[in-house]
Amino acid sequence: MAKKEKHCDRDEVADNDKGDQWDHTAIDAESRLILSVIPGRRTLASCLALVQGVKDKTEGRTNLFLTSDEHASYETAIAKGYKVPESDATDKPVDEATQSEDNLPSDLCYATVRKTRKQGRVIEVVTALVVGVISLLARYLKRSSVSDTINTSFVERQNGTDRCQNSRKKRKTYGFSKKLDVHQAMTYFTLYRYNFCWPVRTLTVQNGLQKMKRTPAMAAGLTDHIWSIEEWVTYPMIMGSQ
Amino acid sequence: MCHPIEHFCCQNPDCPAYGLRDQGNLRYQGYSGHKKQIRMIRCRTCQARFSERKGTPLEHCRLSKAKALSVLAHLREGCGTRSTGRLVGVSKDTVTRMARKAGQHAEASHAKHVAFSPSDPRSPAR
């Protein structure tokens, strides 16, 4: 945003909105549906908002397998977001309690991925199970139809797609964002439109003799056709400014 | 493309049917805009009259529909603000304004179409 992080003076009010901006993205690996996006600085508040977004979009279900990089705020945010209230825990009998020692649901699984790079190449990938037990992790990996390892490949691939679709995120160009509100607006526009208007090659299925392209929203069962940009844009909404 | 009337909702915040779709309270009534191409909608509950563009990035837009959509299509394809302006033939400030509106609309649209929460009466699919 506006200038490089190393050139920003954090004591200057004028530099508050400048410097690095991250897209905190939650994606469903199987349907490639983007559940939530929080553009902003890499803080606990952003991670909390993202986890809350995921919780809302998944009906508060806890039988989830979450993966992320090793950014420490994600672990804190998941611990806060999915913490079982004390009152709920005490109401249930001990044998039916669905919580672990950290007051987290026992069916929640969270793992991290650390990539070590040398001269820009990944030379080592280390995974770690942070929340949950190995047997549960094995069950979730077996249940998954897209991957049998702990990885963050799907969100990384999506970041690549987004860089191509949003000129503000292209590397080494003068098209970078200069104003925060426009940057956030473009992030929401490109990422949320992607769900309904962008057919993903790997989601293509064989429909009789023909191949049927599918968008993430089609794979998630939210719609039955690929939306055109016109259909997306002209669908009337109740917007905050009105 | 024209959305069916069921996709619209009353945009009057004081109306009891504000934001509710497919309630049978809306009907098309007349046209407005240049060459009278924009349909107007009337709410029978509150008698409010509003444009079919209300609640979309095209609201108050003086560009033709084709040009406005072209601006957003260029942005979506990875064109920058200035290059979009040059290619479509509009000012860069117009492109920025449309991007802002499209972002607001996308946020609202995501909240509506990708809503699974059981406490939310909206359906996950439209």
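Me: At 46% relative accessibility, does B:Asp93 count as buried or partly exposed?

Reply: This is a predicted model, in which local features need pLDDT of at least 70, side-chain atom pairs count only at pLDDT 80 or more, and totals for chains, interfaces and linings use all residues; side-chain values use heavy atoms, without hydrogens and water. Residues are numbered from 1 along each chain as its sequence is written, while chains are lettered from A and ligands numbered from 1 in the order in which they are written. Buried means under 20% relative accessible area, exposed over 50%, and partly exposed in between (1.4 Å probe, protein chains only). With its 46%, B:Asp93 counts as partly exposed.

Me: Which side chain meets B:Asp93 in a salt bridge?

Reply: A salt bridge here is a side-chain nitrogen of Lys or Arg within 4 Å of a carboxyl oxygen of Asp or Glu. At 3.4 Å, N to O, the partner of B:Asp93 is B:Lys92.

Me: What is the relative accessible area of B:Arg76, which forms a salt bridge with B:Glu77?

Reply: The closest N and O atoms of B:Glu77 and B:Arg76 are 3.3 Å apart. B:Glu77 is partly exposed at 46%. B:Arg76 is buried, with a relative accessible area of 17%.

Me: How many residues apart are A:Arg42 and A:Asp69?

Reply: Their side chains meet in a salt bridge at 2.5 Å, N to O. A:Arg42 lies in the loop between strand 2 and helix 1 of chain A, and A:Asp69 in the loop between strand 3 and helix 2 (72-81); helices (H or I, at least four residues) and strands (E, at least two) are DSSP runs, numbered from the N terminus. The pair links distant parts of the chain, and its separation in residues is 27.

Me: How much area do chain A and chain B bury between them?

Reply: Buried area is the accessible area (1.4 Å probe) that two parts lose on being put together, summed over both. The contact (heavy atoms within 4.5 Å) takes 41 residues from chain A and 50 residues from chain B. Carbon and sulfur atoms carry 63% of the buried area, which is about 4,200 Å².

Me: Which residue of chain A meets B:Lys65 in a salt bridge?

Reply: The interface of chain A and chain B has 2 salt bridges. One of them joins side chains at 3.2 Å, N to O, and there the partner of B:Lys65 is A:Glu230.
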